[in-house]
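Have the model open while you read.

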Amino acid sequence: MVKIFKLKNVISIKDFERSDIEYILDEAEKLEKIALSQEISNELNGKILGTMFFEPSTRTRLSFETAMKRLNGNCIGFQDSFCSSVSKGESIADTAKMFEGYSDALVIRHKVEGVSKFISDIVDIPVINAGDGAGQHPTQTLLDLYTIRKELNTIDNLKIALVGDLKFGRTVHSLSYALGLFNNVKLYLVSPNELKMPGGVVHDLNISNIEFEEVEDIKDIIDDVDVLYVTRIQKERFTDQDEYEKIKGAYIINKKLLEGKDLIVMHPLPRIDEISGDVDDTKYNKYYIQAFNAVPVRMAILKTLINNNSKKPIK
Ligand code: CP
């Protein structure tokens, strides 16, 4: 059976079916040698990726740029609004319309939920959400799933703990929706009471077929999990910094805690102190591989979206 990918934009993981996710993961697997510079590709020769980053990023922006360049495409864009005419008062809509003229696809990170969806409604090129506030980070989810499948040979039938800031952490929102598309996955939502998964996500999990449990003490579940997906407490999203000071350091994953466990440790990064450095040299550390996997996965996304959507003249 010929597989197809029908989405034009990557805005929310809720737009994906399991077959869409598997399409991207399978494509990414084929592109690994190019990501590793063992093979050369001209797949996106002459194509240009636009990047609008209104919030800081290391991995997402650089792996998108690497992905584009490994496919012999090119990139334009800015990494903070002060480098663009937004700082002079230009609207984000007009800014995006410029990228529509100059590029073949557009990646956006913004602190406001829903901005990438808004932009996708006003431009004709594919739009990719690279993180919208505390909303979603769908391409991170695709590389997270790619990492899980590669390391454990399956996504079905796993027990996965999402640990840390489940309230503001957009990666865990997207990932929990996506895991609901797989069979017999059990989720443990591990957080302090103040940073529990938002009610909207819990509501959606309740009506999906995924089994989940909210817990506060990681020791209650650590013996039962295949994947420990750790997240940073998102300091920048707290309105009251005293609240952040009270909660920071709530979970520290160290080598001693992991000893004898049969699991992998993932993290979307950046980390602050939630995974101690003594885990880095252990078999549990999959977060550096996970960060590398961003390249083949984002190559697959760019190749698919750009080749499926030829650019039209600007009206
Ligand atoms: N995982 C992630 O989104 O990292 P950056 O914020 O560095 O892009």
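**Pockets, a cavity and a ligand**

Q: By class, how many nonpolar, polar and charged residues does the lining of the second largest pocket have?
A: Keep in mind that this is a predicted model. The second largest pocket has 16 lining residues, and S12, E113, D132, G135 and Q136 are the ones nearest its centre. Sorted by class, that lining comes to five nonpolar, seven polar and four charged residues.

Q: Which helices and strands each supply at least two residues of the lining of the second largest pocket?
A: This pocket has a volume of about 200 Å³. Its lining draws at least two residues from each of α4 (115-120), β4 (127-132) and α6.

Q: What volume does the largest pocket have?
A: Its lining runs to 21 residues, with α2 (59-70) and α6 (170-179) each giving at least two. By class, the lining splits into four nonpolar, 10 polar and seven charged residues. The volume comes to about 410 Å³.

Q: Which residue has a side-chain N or O atom 2.6 Å from an oxygen atom of the ligand?
A: Polar contacts are counted within 3.5 Å, and a few pairs here are worth a look. A polar side-chain atom of H137 is 2.9 Å from a ligand oxygen, while a backbone N or O atom of P268 is 2.9 Å from a ligand nitrogen. The 2.6 Å pair involves the side chain of S57.

Q: Which helix supplies the largest share of the lining of the largest cavity?
A: The count gives one cavity of 30 Å³ or more, and the largest cavity holds about 50 Å³ of space. Its lining includes Q140, L143, Y287, Q290 and R298, and both α5 (138-152) and α10 (287-308) supply at least two of the lining residues. The largest share, five residues, comes from α10.

Key
Residues are numbered from 1 along each chain as its sequence is written. This is a predicted model: local features need pLDDT of at least 70, side-chain atom pairs count only at pLDDT 80 or more; totals for chains, interfaces and linings use all residues. Side-chain values use heavy atoms; hydrogens and water are left out. A polar contact is a pair of N or O atoms within 3.5 Å; within protein, one must be able to donate a hydrogen and the other to accept it, and residues adjacent in sequence count only if both atoms are side-chain atoms. On a 1 Å grid over the protein atoms alone, a cavity is a set of points where a 1.4 Å probe fits but cannot get out, and a pocket is an open set with protein on both sides within 12 Å along at least five of seven lines; lining residues have an atom within 4 Å of a point. Grid points are joined across faces, edges and corners, and a volume is the space filled by probe spheres set on the points. Helices (H or I, at least four residues) and strands (E, at least two) are DSSP runs, numbered from the N terminus. Ala, Val, Leu, Ile, Met, Phe, Trp, Tyr, Cys and Pro count as nonpolar, Asp, Glu, Lys and Arg as charged, and the others, Gly among them, as polar.
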